[in-house]
Amino acid sequence: MSYIPHTAAEVQEMLAQIGLGSFDELFDAVPAGQRFPALDLPPAMSEMEIAAEMLAISEENDHAGDFAIFRGAGAYHHFIPSVVNHMLLRGEFYTAYTPYQPEISQGTLQATYEYQSMMCALTGMDAANASHYDGATSLAEAITVALEVSRNRRKKVILSHAIHPQYREVVRTYHQGKDIRIIGDRGRGELVDLMEMLDSNTAMVAVQYPNFFGQIEDLRRLADTVHASGGLLVVVANPLALSLFTPPGEFGADIVVGEGQPLGIPLTFGGPYLGYFAIKQRLVRKIAGRIIGETVDADGKRAYVMTLRPREQDIKRERATSNICTNQGLMSLAAAVYLSLMGKNGLRQVGELNYHKANYAAAQINRLDGYSVDMTKPFFNEFMVACPRPIAEINAALLDAGVIGGYDLAQHYYHLPNHMLICVTECNTRAEIDRLVDILEGLR
Amino acid sequence: MSEPIIYDLSTPGRSGVNLPAPDVPPAPLPTELLRDDLPLPEVGELQVVRHFVRLSQLNYSIDTGLYPLGSCTMKYNPKVNEDAARLPGLAQLHPLADPESCQGALMLMHELQSWLGEISGFDAVSLTPAAGAQGEFAGILMIRQYHIDRGEPQRDIILVPDSAHGTNPATVTMAGLRVQQLPANAAGEVDLAALREACSGENAQHIAGMMMTMPSTLGLFEPSIVQVIELVQSVGGLMYMDGANMNALMAVVKPGELGFDCMHYNLHKTFSTPHGGGGPGSGAVGVNDKLRDYLPGPVVRRDDRPADASAAAGDAPGWRYDWQMPAKSIGRLKAFAGNFGMHLRAYAYIRAYGGEGLRQVTRCAVLNANYLREKLRGDYNLPYDQTAAGARRYCGHEFVVRGAFDDAPGVHALDISKRLIDYGFHPPTNYFPLIVPEALLIEPTETETKDDLDELAEALRAIAKEARDEPQLLHDAPSTAPVRRLDEAKAARQLHLCCPAARPA
């Protein structure tokens, strides 16, 4: 099939206007020896066939629609109100591009400004951009800002080992060309250990909140200690956890970044997601990416526009600190619609459902012989379980029973064999949790 | 009337969702760790719907009109692909699913990797880059590591033509390398003398590579492309192709066969995944054998499991797919494995066309651009209309016109763009490429009809006449849009980035 509207007669007419008899003459500047290669691709399909093909592929996957899922580790199965998808399917939103022409892009611009505002509300920060590719790249970009703040004099970056392992890998990818040291993410990495690593060469310390093991920690003392040494505190926060817990802006974070996927964005096998990035006012001119500001038009009417543009790569070129161009615009719209629907009370309710269900599941599992959960530290919707067998075995048995089990921590934390990270959200019913507990009990 | 800010629609106690009651006993909350206030708006469901629908109506979009934004390839985004993206087996699939639980998704990614490789003539492709800019970043990091591994860490210069996208030089800096800018010659082509100079003497051993856009950002096929590639490679540099303009090349030429070592694809341009008001994009990167071990990971590998062995093991016969981290990978570019939601749309798009169909896409994209350019000849200055040798020259899928007139001195490209809004069209890209003063970069794409192109040409011609006769119309434009021209200086001077109601009480 084809999405090209041209009729044969139109093609001839258009070629004639150009003064040509055939398509091929349009390409005479292409080296003749390499011109017009055949492409070895499967034959074209009709729309009916495409729909059938995509359905067949989708059915080859075990997904959260058919299975009870207890896996999180940076990507979460949450309830998404129907309205979110309907708004994303407005062609006026999803088939527009970057709002370079603000007069005919006020929809995208205002929605983005509202997104920025609601991210400030959640994080307790002064400003947010819109946006980075995902939580991992927003952390990598936060490091660039921290290095810039020290005018690249401070060369040390401390990452907690309790930051998502893949985020730490991405940080190393991003900064491999720079003369800096990234430490802290090997070993035990308690908060007090991080504080001991601080010195006058440290540009920043990053921690995750809740940390990768699900625990919520009191970060006030860490913030004070980092600031006393002249560095920045970067917090990687699950935005949904901020429905309940103290926002990082309140305990002194300088930059808050993270994965916006829990805010109305489906799992989709890892992307597109939403890297959010929020910052204190005094640092706002250092940040990369798109920022929308309020202004007025020629008649004095309130309107929105991309602002602080001279930071961006298309203007600053080799002196820009980031090459980001495309953002996650539609995903930030999803978050804006989601947060508008949830509002102050709905989001708290979702947060509490996560908290209570996760605590219920943890307590039930902790009672089983051979399994243990550290119930002394508060957690949000994920917790670590020490299990009596390798996690791969347990997950295989769970899958047979229609349950997608937790994340195998031994994949990245070699000192945690037989440890599973379990996630429970508002989507998990008590019956699902009880079934999980029953199956685990049989796998001692 | 302006649409109120969502906070202005808030009424204490209202809510836009229905959530289930808790079905587990409550656990005590750690009060010392809780927040006091959550300054989010409180709005009903219908009010939220109306708010965002009204906002959407303030946007211009492909679904509402021709969007000739040069370098962005604003083609039709097929609706069936949107349906596919929402199938539960794709939308609700966890990225850390065990490989046995996501064979469908892995197969799709594997096929897309191999199709993109076939389309561009590369040996291996990674789908992980989240956008074109990340594909560029991956490419330059691979080139850097390649030289380091060969014992040539002094190779730290990337040559970049002055007509390049801004992402190119920004990428080089991000990767810790240096940019050396190359001027264009009088025909808008790479200046071979300047390139020879850059690739000679002491400088030659510092050349890590060169980034080129093809067709160039002027929309022109580089006539000496083969010489450029040979020259850079002869001094040990690698060639990177910015694939933003791939819509002009499908089944016309394979960059890998021309000699490029690496390129990125913009799935949201060439392969029709929606632009989403700024993103998400998807920027797969392809390489030849020199660089394949350096690809960002993970990529998808297919195990050639014989049917009889799998039957013996009780599995269905066929292939088995799994993740693989390339041996010398530059690493992960994002968490998980790329923007899968974009991969599946690009997969469906390529499936719709097949090889010959993609050639027709390129033919019609180039036909539309050349047709529109001819319709504007005489009314607008068409820079670089001839090769250095003086021959007539066709454009690729886009072209530049000069958005200014000698006999209308006060009129700028921006005025023409704004006036085009009043005629019902999205403006072209303004002031890019930088080497053409007052540039308007126009890219109609293949999904527009001749009739629509005729209307756009008519509007541009009428504006050219107005520029002389009634220039004030252009300066005052747009007059029909939801808002008039904005005070951008005020926005930057008095930063107002967050609604006051969103700050803690």
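Analyst: The centres of domain 1 and domain 2 of chain A, taken over C-alpha atoms, are 28 Å apart. Domain 1 covers 68-79 + 344-441 and domain 2 covers 83-338, bounds that come from an automatic or database domain assignment. Please keep in mind that this is a predicted model, where local features need pLDDT of at least 70, side-chain atom pairs count only at pLDDT 80 or more, and totals for chains, interfaces and linings use all residues. Residues are numbered from 1 along each chain as its sequence is written, while chains are lettered from A and ligands numbered from 1 in the order in which they are written.

Where the two domains touch, domain 1 of chain A contributes 21 residues and domain 2 of chain A contributes 19 residues; a contact here is a pair of residues whose C-beta atoms, placed from the backbone, lie within 7 Å. On the domain 1 side, helix H11 (329-366) and strand E12 (382-386) of chain A each supply at least two residues. Helices (H or I, at least four residues) and strands (E, at least two) are DSSP runs, numbered from the N terminus. H11(A) gives the largest share of that side, seven residues. Sorted by class, the domain 1 side has eleven nonpolar, six polar and four charged residues. In this scheme Ala, Val, Leu, Ile, Met, Phe, Trp, Tyr, Cys and Pro are nonpolar, Asp, Glu, Lys and Arg are charged, and the others, Gly among them, are polar.

Now to the partner chain: 171 residues of chain B are in contact with 172 residues of chain A. Helix H12 (residues 340-376) of chain B provides the largest share of the chain B side, 21 residues. That side divides into 102 nonpolar, 41 polar and 28 charged residues.

Leaving aside neighbours within four places in sequence, Ala85(B) is in contact with Leu90(B), Ala91(B), Gly341(B), Leu344(B) and Arg345(B). The C-alpha atoms of Ala85(B) and Gly341(B) are separated by 6.1 Å, although the two are 256 residues apart along the chain.

Finally, chain B as a whole has 16 helices and twelve strands, and 59% of its 505 residues count as buried.

Conventions: A residue is buried if 20 or more other C-beta atoms lie within 10 Å of its own, exposed if 12 or fewer, and partly exposed in between; C-beta atoms are placed from the backbone.
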